[in-house]
Amino acid sequence: MRKGLSFKRRRRKINKGRVLYVTIWAAEIIAVVLAAYLIVAAFGFRTSMVGDAMYPTLSNTDVVLVNRLKYKLINPQRGDVVAFRPDSNTKSHYYIRRIVGVPGDSVQVSDGELYVNDEIVSLAGLSGQITVAGNAADEITLGDGEYFVMGDNPNSSEDSRHASVGIVTKDDIEGEVYMAVSFGSHLGFID
């Protein structure tokens with residue numbers, strides 16, 4: 001046989017071990033992404049913050065994850081950040097606010113301060129003097145399954161002090177807002 005130019009292609013040998021490694025790696029990534037999607041879809045949902053009512057905790061347009069399952073097992077607690085629709089209005093956007101009063105509490109806004117059960121309350125995130133007392137100018141006693149919510153930025157918040165929102169019932173609460181997933185300064189779990 002002559003040596004010289006040959007126009008025949010040489011076949012490359014495929015490294016089967018490497019192909020198997022890459023295939024398993026890709027399958028694991030797909031499985032984790034699919035599992036995460038199914039968990040969020042089954043137990044929660046994603047929504048966006050509308051307005052600056054929760055600043056500095058959340059900013060306008062921040063995307064958050066909401067845990068639907070938690071309040072099927074336990075009752076909401078003071079300090080929880082929740083997503084709700086006032087009066088179960090399905091045409092309304094989700095409001096995101098912090099619970100400041102739970103069933104049995106008396107709530108009042110007086111002299112720029114929030115009083116719960118006749119004591120001044122300073123919740124994490126709640127900032128500044130409250131300039132509008134609204135419905136809470138007179139003491140409000142919460143009944144069974146009723147919650148008083150306020151934004152962390154109370155002077156830019158439409159919340160339980162306003163007639164358009166009012167007292168929020170447990171049935172109105174969709175779930176606890178537990179994580180901001182927008183890129184930026186608010187990425188991470190919410191206190």
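R161 is buried, its relative accessible area being 1%. Here, buried stands for under 20% relative accessible area, exposed for over 50%, and partly exposed for the range in between (1.4 Å probe, protein chains only). R161 forms a salt bridge with D159, with the closest N and O atoms 2.8 Å apart. A salt bridge pairs a side-chain nitrogen of Lys or Arg with a carboxyl oxygen of Asp or Glu within 4 Å. D159 is also buried, at 0% relative accessibility.

The model is predicted: local features need pLDDT of at least 70, side-chain atom pairs count only at pLDDT 80 or more, and totals for chains, interfaces and linings use all residues. Residues are numbered from 1 along each chain as its sequence is written, and side-chain values use heavy atoms, leaving out hydrogens and water.

The whole structure holds four salt bridges. One of them joins R78 and D105, with 2.2 Å between the closest N and O atoms. This pair links distant parts of the chain, 27 residues apart. R78 lies in the loop between α2 (70–73) and β3 (81–84), and D105 in the loop between β4 (95–101) and β5 (106–110). Helices (H or I, at least four residues) and strands (E, at least two) are DSSP runs, numbered from the N terminus. R78 is partly exposed, at 35%, whereas D105 is buried, at 6%.

D152 and R98 also meet in a salt bridge (2.7 Å, N to O). D152 sits in the loop between β9 (146–150) and β10 (168–169), and R98 in strand β4, 54 residues apart. D152 is buried at 0%, and R98 is buried at 3%.
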